[in-house]
Amino acid sequence: MSTAKETGFLGKLPGALPGLALLIGTMVVIRLWVEPWMANAVVFDQKGWLIKVTHLNYILLGIIMGMLYRNVLFGGKLPEIFADGFRLSRLFIKTGIILLGSLYTVQAIVKLGALAIFLIGGFVVLSIVMVLWLGKLFGMERSMTGVMANACSICGVSAAVATAPAVEAKATHVAYAIATILGFGILTMFISPFIGHALGLNDLQYGAWVGTGILNSGQVLAACLAFNPNVAPGTAVSVGEIWNIMRVISIPFAVFAVTVWYWAGHEQPQGQRKSLGTLLVEKFPVFVLGFLGMVLLTSIGAFGDVGIKGGPPASATIKMIRDWMQWIFGIGLVGMGGYIDFKELRQAGGTPLKVGLIVGVTKYVLALVVVLLIRDYLVEI
């Protein structure tokens, strides 16, 4: 395995094939056999009861299978033969997000408006301030507080990893933050579709809520597809991801703000402060550029008609891209389930868990309340 790491992506590919085969094979079985069987099975004299009542679909089934592989079948650790393949699951998810750009045009994003931008920015700032205050109140280590602040405010794992070196966080700090975020995110990922259906939310309202209220990008995606597995303009995933993308774009600015806060309370070693320009280059998520590139190509009609409600139907190319996205997301989310380790989640005890839960629940509930209050002002894109 070490040789593969030294030879880059192409060098890793042969070693990743067994894991990739397991991820792809799992999603093929779920989509071609398990999901159709659930749709036709008669339970309590009702055809399709398993899907109508439990709201299980290929996304949630894939995540559950990934969790079962790691925690039950493999005893808590992915075998080396499958590890490289599962590592590529993040590449699948980021590739899918890039392709999601085919759902939007520049004109549609502009329609999103100042209200959405103000709301997303407001929640990012509110979350950072809450964590910094609670960290001081509970006497949490300053570096642990810094990592938690960005993990809770932007997009969970990526933000925690991006912030760690800037605030001198230990590996255990990052592990605690990630375990807390993932633990809370898993809960919201499974309960959000039930809450959304129970409250009668439409795709626009639901996407705006989870795109703001759920902490981790992958779990926003999973919660949206669990609510409505269709991928098209106006569906939950198209709304949730554009709100989430706008939040992800703020990563370098949030990292810089927390870094300034951290060093303001420390004697600063010579030559270690990084400029905003350096942080922008080092921390900006590259897949966002790919997403924006797809938006531009879609806007100039490179793929044909998008299929926006009230307009011409989607072109054959757009339909093909959306079909790919469903498979790519499904395969990637089986891999994400394989990274949910029950033992690591138990490590998130003590103060970090307390702070993460307070901020996470506040953000999750407050986002729902705000979306319900402004539901008539949300702009459909």
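These entries record what I looked up in a predicted model of one protein chain.

**Conventions.** I number residues from 1 along each chain as its sequence is written, and side-chain values use heavy atoms, without hydrogens or water. In this predicted model, local features need pLDDT of at least 70 and side-chain atom pairs count only at pLDDT 80 or more, whereas totals for chains, interfaces and linings use all residues.

**Whole chain.** I found 19 helices and 2 strands, taken as DSSP runs numbered from the N terminus (helices H or I, at least four residues; strands E, at least two). Of the 381 residues, 53% are buried (under 20% relative accessible area, 1.4 Å probe, protein chains only). I then looked up contacts (heavy atoms within 4.5 Å). Among those with a separation of 6 or more, 78% join residues 24 or more positions apart.

**Helices α6 and α16.** I examined the packing of α6 (residues 89-100) with α16 (residues 286-299): the axes, lines fitted to C-alpha atoms over the stretch in contact, lie 7 Å apart at an angle of about 30°. The two helices are therefore roughly parallel (angles under 35 degrees). On the α6 side I noted K94, I97, I98, L99 and L100, which meet F287, G290, F291 and M294 of α16. These residues comprise 7 nonpolar, 1 polar and 1 charged; Ala, Val, Leu, Ile, Met, Phe, Trp, Tyr, Cys and Pro count as nonpolar, Asp, Glu, Lys and Arg as charged, and the others, Gly among them, as polar.

**T145.** I located T145 in helix α8 (residues 142-153). T145 counts as buried because its relative accessibility is 2%. Leaving aside neighbours within four places in sequence, I found T145 in contact with V131, L132, G135, M140 and W261.

Conventions:
Buried means under 20% relative accessible area, exposed over 50%, partly exposed in between (1.4 Å probe, protein chains only). Axes are lines fitted to C-alpha atoms, for helices over the stretch in contact, and angles run from 0 to 180 degrees between N-to-C directions. Angles under 35 degrees count as roughly parallel, over 145 as roughly antiparallel, 65 to 115 as roughly perpendicular and the rest as oblique.
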